[in-house]
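Visitor: I would like to learn how to read the features of a model such as this one. Please take me through them in order.

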Amino acid sequence: MLVVMQQGATEMQIQTVIDRLVEMGFDVHRSTGVIHTVLGGVGGKDDFDLGIFEVMEGVKEAHRIVSPYKLASRSFRPGGTVVRVGNVEIGGGAVIVMAGPCSVENRDQIERSADVVAAGGAKFIRGGAFKPRSSPYSFQGMGEAGLRLLREAADRRGLLVVSEVMESAQIPLLSQYADLLQVGARNMQNYNLLRDLGKQPKPVLLKRGISATIEELLLSAEYILAGGNYDVVLCERGIRTFETYTRNTMDISAIPVVKKLSHLPIIGDPSHGTGRRDKVAPMARAAVAAGADGLLIEVHPDPDHALSDGAQSLRPEQFEELMRQLRIIAPAVGRTI
């Protein structure tokens with residue numbers, strides 16, 4: 001770490017900081033400039049509170065040089081991680097598309113959705129059986145019956161299943177039906193759930209929280225990795241900003257940033273990222289161009305009558321057109337669909 005002292009900091013203040021660094025196990029290297037004194041701490045504890053130094057007398061600023069996440073860091077696996085789900089590789093040469101309705105509503109709806117998803121070339125069908133909704137009066141999902149319908153529709157078409165797990169008690173049930181367990185934005189910092197997902201073998205799709213920083217996303221992934229489960233896929237799904245035209249602001253820049261900081265694959269969710277059907281395709285194209293390893297897209301056979309998130313769900317013909325466009329864009333960045 002680095003501690004930059006204020007201009008005019010006294011020798012006593014500087015020595016107090018040095019003593020604290022030594023107390024925490026750091027070897028201290030002092031550099032005295034014309035204006036500032038800079039103290040470099042090498043070694044020490046992996047886990048420490050930077051705020052301890054920021055509030056000390058005479059300190060101008062303090063910086064952590066080594067990231068607080070270890071297993072999620074790119075330095076842990078410089079070559080990157082490929083997460084294998086069935087016969088599909090996420091993080092390899094192909095951009096993997098996961099598509100389907102926000103929630104499973106009935107057999108006819110999920111069967112028609114599966115037809116559209118499979119015909120378009122997606123590898124996963126998505127669909128929620130347990131839906132975390134902002135209003136307690138909104139449709140909450142069909143539960144296990146919905147998972148069963150989702151699994152049956154997927155198996156008939158050779159698709160894999162991704163569905164959201166909301167609490168630790170649901171892990172055994174979801175594991176029976178889903179190939180990839182999704183952690184939603186509201187649960188990104190549900191650390192008990194993350195710990196339990198780290199102890200089980202199913203791959204995990206971890207969505208970025210609504211107001212989470214990239215570092216917070218990687219620290220949440222660290223909980224799963226620390227439990228022994230290295231099959232984690234990250235997801236940029238938009239963050240809350242002051243802009244109100246779209247439901248969220250999709251942070252496309254997070255994709256190359258995560259690629260630099262972490263070895264974990266990352267996909268984009270333009271449906272939640274914008275909340276608007278007419279913005280899904282442009283942001284999906286942008287995500288692939290930015291280096292996303294996959295896409296999570298909401299598609300519904302009749303979105304105007306969907307029980308949840310119809311406004312951000314593509315119609316079948318829109319999904320078909322988007323897949324055609326992505327097959328043109330992907331080769332330009334060295335990928336396939």
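Predicted model: local features only at pLDDT ≥ 70, side-chain atom pairs only at ≥ 80, totals over all residues.

Guide: Residues are numbered from 1 along each chain as its sequence is written, and side-chain values use heavy atoms, with hydrogens and water left out.

Visitor: How many helices and strands does the protein chain have?

Guide: Helices (H or I, at least four residues) and strands (E, at least two) are DSSP runs, numbered from the N terminus. The protein chain has 11 helices and 14 strands. Along the principal axes, its C-alpha atoms fill a box of roughly 75 × 40 × 40 Å.

Visitor: What share of the residues is buried?

Guide: Buried means under 20% relative accessible area, exposed over 50%, and partly exposed in between (1.4 Å probe, protein chains only). Of the 337 residues in the protein chain, 51% are buried.

Visitor: What share of the contacts joins residues at least 24 apart?

Guide: A contact means heavy atoms within 4.5 Å. Among contacts between residues at least 6 apart in sequence, 68% join residues at least 24 apart.

Visitor: How many aromatic pairs are there?

Guide: Rings of Phe, Tyr and Trp (its six-membered ring) pair if their centres lie within 6.5 Å; planes under 30 degrees apart are stacked, over 60 edge-to-face, and the rest tilted. The count here is three aromatic pairs. One of them is the edge-to-face pair of Phe76 and Tyr230, at 5.9 Å centre to centre with 85° between the planes. Phe76 is in the loop between strand E4 (59-63) and strand E5 (83-85), and Tyr230 is in the loop between helix H7 (214-226) and strand E12 (232-236), so the pair links parts of the chain 154 residues apart. Phe76 counts as partly exposed because its relative accessibility is 36%; Tyr230, at 27%, is also partly exposed.

Visitor: Which pair is stacked?

Guide: Tyr191 and Tyr223 are stacked, at 4.3 Å centre to centre and 20° between the planes. Tyr191 belongs to helix H6 (residues 191-198) and Tyr223 to helix H7, 32 residues apart. Tyr191 is partly exposed because its relative accessible area is 30%, and Tyr223 is partly exposed at 28%.

Visitor: Which residue lies over the face of Phe48?

Guide: A charge sits over a ring if NZ of Lys or CZ of Arg is within 6 Å of the ring centre and within 35 degrees of the ring normal. Arg64 lies over the face of Phe48, at 4.5 Å from the ring centre.
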